[in-house]
Amino acid sequence: MRRVAVIGVGVTKFGKHDRTSTELFAEAARDAVVDAGVEPRAIQSLYYGNVTGGESERQLHMGPLAASLLGLPTIPTTRFENACATSHAAFRHAVMEIGAGVSDVVLVGGAERILHVPTEHATEYFAYCSDASFEQPTGLTFPGVFALIARAHMDKYGTTEEQMAHVAVKNHRHGVHNPKAQFRKEISLETVLKSPYVADPLKLFDCCPFTDGGAAVILASEEVARRMRRPVWVLASEAATDTMFMHEKRDLSRVTATERAAAAAYRRAGRGPEDVDVVELHDCFTIAEIVATEGLGLFEPGMGGPAAEKGWTSIGGKFPVNVSGGLKSKGHPIGATGAAQIAEIVTQLRDEAGPRQVSGARTGLTHTLGGNTATVLVSLFGRD
Amino acid sequence: MTDEVVNLKDFFAEVRAGRLTAIRCSQCHELAIPPKEFCGSCGKRAWESVPLAGHGTIASFTVIRVAPRGHVGQTPYAVAVVRLAEGVSLLGRVTDLPLESLRVGLPVRFRPLVIGAETLIGFGPA
């Protein structure tokens with residue numbers, strides 16, 4: 001495969017918006033074009049991510065719509081849906097299109113708009129990402145899925161609700177320095193621990209919010225990227241899948257798709273966890289961050305909780321995790337999240353992240369998880 | 001050996017009648033919850049259906065307090081993954097057990113739950 005680089009990124013403010021999701025994507029894509037310094041007409045195709053548009057906006061066929069709003073109505077487009085890993089999955093395929101020599105400049109990203117519908121509708125649409133035969137009829141929600149994982153992790157390793165709360169406190173502390181974040185406010189351990197249960201043992205402040213927002217990334221072949229002023233190289237972009245059914249997971253305390261996607265990404269990049277300077281990972285719930293830090297090999301199984309408690313994942317710690325504020329504080333527009341994580345790592349590797357910059361970061365990792373731990377994408381990025 | 005794969009409609013019709021059905025690979029003896037075309041263990045397609053007794057223990061559980069539309073009036077309710085005695089697991093709604101009595105390892109027993117038009121797997125006292 002040819003080498004591929006990220007040459008431009010754009011992210012909207014995350015939070016509540018009164019524009020459509022495709023408008024939000026178009027704003028992010030416009031910023032990415034300006035950031036890259038390319039002519040819009042240089043873009044040869046669009047890989048677009050969105051999850052709930054059919055239900056929440058009565059809008060399908062969003063790829064051509066997004067291209068039309070951008071003023072590029074004739075480029076080939078494809079819409080991706082891989083639950084919360086949607087735009088990271090789109091990213092991997094865009095990398096492969098350039099790697100295969102089909103195109104030289106590709107736009108990828110996604111958007112979501114959900115805050116205009118009532119919470120119980122949003123909860124239902126998100127639950128469509130779990131199985132409709134065995135799981136949805138029981139009333140299992142996404143907080144419920146991760147509560148099952150949390151309980152198993154607590155039972156196996158002694159992980160505590162306090163350790164999970166430390167993840168929330170840390171990500172909110174990081175998010176204060178991200179102007180795009182939905183919540184830019186520090187919270188106390190007590191605030192998390194005293195918040196009401198949503199799905200025991202997960203409480204309100206263990207959960208990321210519903211969010212509107214868009215994110216975009218422009219990819220280029222090595223030949224094009226070499227002419228740009230600050231390309232960030234894609235060292236690997238790997239996907240792994242696990243059984244869709246909660247009843248078929250062999251060990252509820254693990255996310256095996258994370259372990260397999262990470263192993264494949266490290267192998268392809270010729271790097272290991274010890275080489276990673278900054279990580280954006282999928283903290284849809286605090287327990288998800290704990291399990292992901294173990295699955296990515298940053299910490300031994302069972303040590304994700306103590307690592308959060310001891311500050312090893314804070315800026316200045318051994319492995320700075322979710323310096324953007326993560327999904328917890330930055331917000332989680334599910335169709336945009338993967339691209340937004342990539343945008344953060346690119347910003348970090350360019351040394352442009354301001355007060356949230358991880359000093360001297362040269363290698364970064366993004367991890368995005370979709371649905372009931374069935375889809376995982378892991379990508380690695382480098383300055384050279 | 002049979003080529004009949006238990007489909008979802010038949011599986012849940014059996015659930016409604018109070019019976020749990022699994023499928024066993026006649027080549028490698030892997031036990032699975034249907035439907036499944038190929039054996040995940042050996043790759044063959046040689047299933048035979050086998051009844052499950054419905055006895056198991058809670059592998060993990062949660063109490064849902066914020067529900068999706070359609071379940072809002074039912075909160076709080078518990079959902080559990082139950083490891084059945086035969087070695088496969090099933091997800092179901094916990095019923096007829098006090099929420100505060102739930103713990104990992106608690107013995108439970110399958111029972112059908114019919115709520116409106118939907119048939120659910122339920123687990124109650126052993």
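How many positive and negative side chains does chain A have, and how far apart do the centres of the two sets lie? This is a predicted model: local features need pLDDT of at least 70, side-chain atom pairs count only at pLDDT 80 or more, and totals for chains, interfaces and linings use all residues. Residues are numbered from 1 along each chain as written, chains are lettered from A and ligands numbered from 1 in written order, and side-chain values use heavy atoms, without hydrogens or water.

**View 1. Charges of chain A.** Chain A carries 39 positive and 44 negative side chains. Their two centres lie 4 Å apart. Lys and Arg count as positive, Asp and Glu as negative; His and the chain ends are left out. Each charge is placed at NZ of Lys, CZ of Arg, CG of Asp or CD of Glu.

View 2. Thr138(A) sits in the loop between helix H5 (119-127) and helix H6 (142-157) of chain A. Helices are DSSP runs (H or I, at least four residues), numbered from the N terminus. Leaving aside neighbours within four places in sequence, Thr138(A) contacts (heavy atoms within 4.5 Å) residues of chain B, including His71(B), Tyr77(B), Arg93(B) and Leu120(B).

**View 3. Side chain of Thr138(A).** A polar atom of the Thr138(A) side chain lies 3.3 Å from the backbone nitrogen of Leu140(A). Thr138(A) has 1% relative accessibility, so this residue counts as buried (under 20% relative accessible area, 1.4 Å probe, protein chains only).

**View 4. Burial in chain A.** Of the 384 residues in chain A, 68% are buried. The C-alpha trace spans about 55 × 45 × 40 Å along its principal axes.

Terms used: Buried means under 20% relative accessible area, exposed over 50%, partly exposed in between (1.4 Å probe, protein chains only). Helices (H or I, at least four residues) and strands (E, at least two) are DSSP runs, numbered from the N terminus. A polar contact is a pair of N or O atoms within 3.5 Å; within protein, one must be able to donate a hydrogen and the other to accept it, and residues adjacent in sequence count only if both atoms are side-chain atoms.
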